[in-house]
Amino acid sequence: MSLAHTAAEYMLSDALLPDRRGSRLKGLRLELPLDKMVKFVTVGFPLLLMSLAFAQEFSSGSPISCFSPSNFSVRQAAYVDSSCWDSLAHHNQDEAGQYKVKSLWPHKALPYSLLALAVAMYLPVLLWQYAAVPALSSDLLFIISELDKSYNRSIRLVQHMLKIRQKSSDPHVFWDELEKARKERYFEFPLLERYLACKQRSHSLVATYLLRNSLLLLFTSATYLYLGHFHLDVFFQEEFSCSIKTGLLHDETHVPDLITCRLTSLSVFQIVSLSSATVYTILVPVIIYNLTRLCRWDKRLLSIYEMLPAFDLLSRKMLGCPINDLNVILLFLRANISELISFSWLSVLCVLKDTTTQKHNIDTVVDFMTLLAGLEPSKPKHLTQQVCDEHP
């Protein structure tokens, strides 16, 4: 019999989680994978396009090419290119003979508008970083630590029960004490459950998360308006008529009023505009999906941890409206599942619990581990019958 007890002790000792306070929990993911992907695309993609625009300008020289009169000197031709690029205005003559000026400034402002877009898209990231990450980090550190500690407490409780059972000469006394402990709810550790229930009534994290994604949608809509109103208006215009009777050529009588210039960077402008509209259109459903995740509970994680003696949020139906901080924390617990060592152990126990023949006697990890250690989770039938015979 001592060999069986020794084997049970070894089994319970192996089930205890190691204490790694120093090296653990340093790599917490404080951004969800989809949020991180959205951040890299919304911020990195405009910067990439801005680099493309600057590279094209540096490699190709002047972004416009003006067809100066043949009698112009090299200095005058260079001045025409510079003047037309500075003004970047198309002079179009209407039916009444009046000139209408149409500005082509989006071509000149392209790199800087991309930089402004990247900065705007980074603002929601900064909001999350400074408004939510400190509190979220503290919550995750505490909850992950308490979940693993609660699992370890359950295993140590079974170890203690096994030692008491070995030392008890009268099995009736042990089982009476065990049933009393169950009725008095001594096996529960309510700190974690009450903390999570408190988070269910808090809304600071979820408000910040909603604001972050709402700002992304707002800036994406502003990008559409900018591209549709300004870029679309000059999207196909490769040539424009430029007035050169200014500055150095103002008093020259032989100089024509208008000359034709061609935008050599139009293809880059078109690629940047189309790719920006396409990428942000693809990202909109992703951002909306991030928001819809707050409308439902991730009950799989909670159901696994209901194997702990004190964790019964689901069975008590304490989960109401999912738009609260608890739901956000559950999403980040799912993202940091590798830090929850107890999750894999409890997942295995849940699978084994479903295959055992004594399902009605197993509610918690304490019940299951007592069964594995050689103790039944409830008073044996022969002891119950003896009590009934002694007290008819």
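Me: Angles under 35 degrees count as roughly parallel and angles over 145 as roughly antiparallel. Are H8 and H9 roughly parallel or roughly antiparallel to each other?

Reply: This is a predicted model. In it, the axes of H8 (residues 204-231) and H9 (residues 266-292) come within 10 Å and cross at roughly 155°. The cut-off for the antiparallel class is 145 degrees, so H8 and H9 are roughly antiparallel.

Me: How do the residues of the contact of H8 with H9 divide into nonpolar, polar and charged?

Reply: The crossing of H8 and H9 is left-handed. From H8, the residues taking part include Leu210, Leu217 and Leu227, and from H9 they include Phe269, Val284 and Ile288. By class, the contact of H8 with H9 has 13 nonpolar, eight polar and no charged residues.

Me: How many nonpolar residues does the contact of H2 with H4 have?

Reply: H2 passes H4 in a left-handed crossing. On the H2 side, Val43, Leu47, Met50 and Phe54 are among the residues that meet H4, where Leu114, Leu117, Met121 and Val125 are among the partners. The contact has one polar and one charged residue, and its count of nonpolar residues is 17.

Me: At what angle do H2 and H8 pack, and how many charged residues does their contact have?

Reply: The axes of H2 and H8 are 12 Å apart, and the helices pack at an angle of about 35° in a left-handed crossing. Asp35, Val38 and Lys39 in H2 meet Tyr209, Arg212, Asn213 and Leu216 in H8. The class counts for this contact are three nonpolar, one polar and, for charged residues, three.

Me: Is Asp139 buried or exposed?

Reply: Asp139 is found in helix H5, residues 133-167. Leaving aside neighbours within four places in sequence, Asp139 is in contact with Tyr195, Lys199, Leu205 and Ile329. Its relative accessible area is 5%. Buried means under 20%, so Asp139 is buried.

Me: Which residues does the UniProt annotation "transmembrane region" cover?

Reply: The annotation comes from an unreviewed UniProt entry and names two spans. In the model, residues 109-128 are 100% helix and 0% strand, with end C-alpha atoms 30 Å apart. For residues 268-291, the chain is also 100% helix and 0% strand, and the end C-alpha atoms are 34 Å apart. The annotated residues are 109-128 and 268-291.

Me: Which residue does UniProt list for "glycosylation site"?

Reply: The residue is found in the loop between strand S1 (64-66) and helix H3 (74-87). The listing is from an unreviewed entry, and the residue named is Asn71.

Me: What percentage of the residues of the protein chain count as buried?

Reply: The secondary structure of the protein chain comes to 14 helices and five strands. Among contacts between residues at least 6 apart in sequence, 79% join residues at least 24 apart. Of the 392 residues, the part that counts as buried is 45%.

Conventions. Residues numbered from 1 in each chain as written. Predicted model: local features only at pLDDT ≥ 70, side-chain atom pairs only at ≥ 80, totals over all residues. Heavy atoms only, no water. Left-handed = near helix turned anticlockwise from the far one by under 90°. Helix = DSSP H or I, 4+ residues; strand = E, 2+ residues; numbered from the N terminus. Contact = heavy atoms within 4.5 Å. Nonpolar A, V, L, I, M, F, W, Y, C, P; charged D, E, K, R; others polar. UniProt positions renumbered as here; feature names shortened; annotations may be inferred. Buried < 20%, exposed > 50% of the residue type's maximum accessible area, 1.4 Å probe, protein only. Axes fitted to C-alpha atoms, helices over the stretch in contact; angles between N-to-C directions. Parallel < 35°, antiparallel > 145°, perpendicular 65-115°, else oblique.
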